[in-house]
Amino acid sequence: MLRRVAIRMATGALTLLLVTLLVFGLIQLAPGSPLATSDDGLTPLSSADREALEAYYGFDQPLGVQYASWLGKLARGDLGTSIRDRRPVLDKIAERLPVTLSLNALALFFIVGLSVPIGAAAALNPGSIADRWSATATYLLYAIPVFWAALLLQRLFAVRLGWLPLYGSGGVTGIPRVANMVLPVVCLTYGGLAYVSRFVRTNLIESTRMETVLSARARGLTRFAILVRHGFRLAAVPMLTLAGFLIPALFAGSVIVETIFQLPGLGWLFIEAAYQRDIPVLLGVTLISGAAALAGILFADVTYALADPRVRRG
Amino acid sequence: MASARHWPAALRRGLVLVLGLSALAALAPLWLDDPLHIDLSATLENPSAAHWLGTDALGRDLTSRVLHGGRISLGIGVLTSLFSLAIGVPLGAVAGFRGGWTDAAVSRLIETVACVPSLLLAIALLAMSPAILRGVPDVVRVALVLGFAGWIPVARYMRGEFLRLKSAVMVEAARASGASDLRIMVRHLLPAALAPVLVTASFAAASAILVEAALSFLGLGVRPPQPTWGGLLSDAREQIAQGWWLAVVPGLALFAAVLGFNLIGEGVRDLLDPRTCQLDKSGGRP
């Protein structure tokens, strides 16, 4: 078991190294003279900015040396300094993180909190009206682009009804007020329902076909009791693997949602950096989001190995 | 393969949506005004006989803008899907068929690119405007950038398919008659895996259309005044208190296109996987 976890961690470390290589490759697309000119209407960099970039990335050195010295800086937590305000990228990311984390944690909470009952109701009677309607409804929700939903919800609840603020974080620094979080959380949540509730349904149906469940039926347990006692325990393990898929998707969603609702999180920082061609910030956030997703996948895999006795002993 | 009448409902509905939208978009220049024609005497007009879906803040006809936008959105969807297939199919096929080190290398690559959210990757690539993308038309530029991450699900799915197919009896037969690995993969396995290719192609198109719209919405995709669905929704943000049609119509078009491609993907999967068909009919109990 330990061996298994160790191997997984080692491949994870390799992937992390490859993620840094991918980001390093992105840097290589931009450096040197291409930074000075721009044919797409974006502001070109000043010579001072370019020199700062060149000093940080060491563009005058051979590629291998550049990569190694950049990795060394990363290991010390040095992600470079923002072109915009010359503050360390890591500081900028750290101050924006609480908003993004609270937004995503709430969204994840509601996705799981709603999908489990929906999936369970569907699994209780596969093919029933409840099953088919929940499948259709969540499927339609899944195809609604998040920025369209945001636009319509803003129109309805902020402009027409005036119940919720249009955008902003309610004049507080750090984590926004509850009223300011309602629409963003709704926007991040609805799209995940289809995928997760189907996943819950499939896994519950699979697990209730096992022999333990057959024997429970033979003992006269109701279908509902079986679902609660056995189904969830058996289905909980595969559901962990979802974390690995949900984290990148939620992060991409929060880029759009934070920008529309002007919540000062990582996603908005990223978009600002894209508009201002603040390359160190852009790449810093890309790297952090990749690392976060990888951590999610590894966490899921390791917990999976720990939770399933068959995997544990293997 | 069953005749069209026996196709799954999802496939038929998806085809109606996608082909209908494509036909309307393709024929748009023939019967609609110039989508860039500004008429300041008719701004933010309600839907009427002259302007079926009303006009925007500059008096441009929304019907024309939505359908011309559809040419770009659908075009980028199809183009991205082709790029994704061009990378994903060979990589996934070789990884699944060869196994061993090849598989390990491709799987690591897939995991690496999959870690970084594709929207972020696309935005970073577009914002840096690398030299290789200079001077490339917007549509191709966006499609290339989207294809850069879009091949991941294709490769994953193909890897699984080829892993399953490689133990088929026909592979052994082909090998016994002296066929090379490449020949087996191209001549024998690829036709057998055609359905998965179609399935992933339509899912790839759906997600490309969504991401492209997000990029245009954020002002990083195809540039104005060229109408795109994402760009039209971004314009609608400025008129938040008026002109409901400006926010509803482009969104509906986008929704229909994404739903259509998703339905086609799902339908083809059901059509070629008899297991899921039966599962549905017997209410989830095979």
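At roughly what angle do the axes of helix H4 and helix H8 of chain B cross? We'll get to that after a word on the model.

## Ground rules

This is a predicted model, where local features need pLDDT of at least 70, side-chain atom pairs count only at pLDDT 80 or more, and totals for chains, interfaces and linings use all residues. Residues are numbered from 1 along each chain as its sequence is written, while chains are lettered from A and ligands numbered from 1 in the order in which they are written.

## Helix pairs in chain B

Back to the opening question: H4(B) (residues 118-128) and H8(B) (residues 194-217) have axes that cross at roughly 50 degrees and come within 11 Å. That makes H4(B) oblique to H8(B). (Under 35 degrees counts as roughly parallel, over 145 as roughly antiparallel, 65 to 115 as roughly perpendicular and the rest as oblique; axes are lines fitted to C-alpha atoms, for helices over the stretch in contact, with angles from 0 to 180 degrees between N-to-C directions. Helices are DSSP runs of H or I, at least four residues, numbered from the N terminus.) On the H4(B) side, Ser118(B), Leu119(B), Ala122(B) and Leu126(B) meet Val211(B), Ala214(B) and Leu215(B) in H8(B).

H2(B) and H10(B) (residues 244-272) pack with axes 11 Å apart, at an angle of about 30 degrees. That makes H2(B) roughly parallel to H10(B). Among the H2(B) residues that meet H10(B) are Gly69(B), Gly70(B) and Gly77(B), and the H10(B) side includes Trp245(B) and Phe261(B).

## The largest core

The largest nonpolar core runs to 157 residues, and those with the most contacts inside it are Phe147(A), Phe270(A), Leu282(A), Ala122(B), Ala124(B) and Ala214(B). (Such a core is a set of buried Ala, Val, Leu, Ile, Met, Phe, Trp, Tyr and Cys residues joined through C-beta atoms within 7 Å; buried means 20 or more other C-beta atoms within 10 Å of a residue's own, with C-beta atoms placed from the backbone.) Helix H2(B), residues 62-98, gives the most to this core, with 16 residues.

Setting aside neighbours within four places in sequence, Phe270(A) is in contact with Val255(A), Leu282(A), Val285(A) and Leu120(B). (Contact is C-beta atoms, placed from the backbone, within 7 Å.)

## Where the chain A domains touch

Chain A is assigned domain 1 (2-75) and domain 2 (91-313), with bounds from an automatic or database domain assignment. Their contact takes 18 residues from domain 1 and 13 residues from domain 2. On the domain 1 side, H1(A) (2-29) and H2(A) (47-57) each supply at least two residues, and the largest share, twelve residues, comes from H1(A).

Conventions: A residue is buried if 20 or more other C-beta atoms lie within 10 Å of its own, exposed if 12 or fewer, and partly exposed in between; C-beta atoms are placed from the backbone. Two residues are in contact if their C-beta atoms, placed from the backbone, lie within 7 Å.
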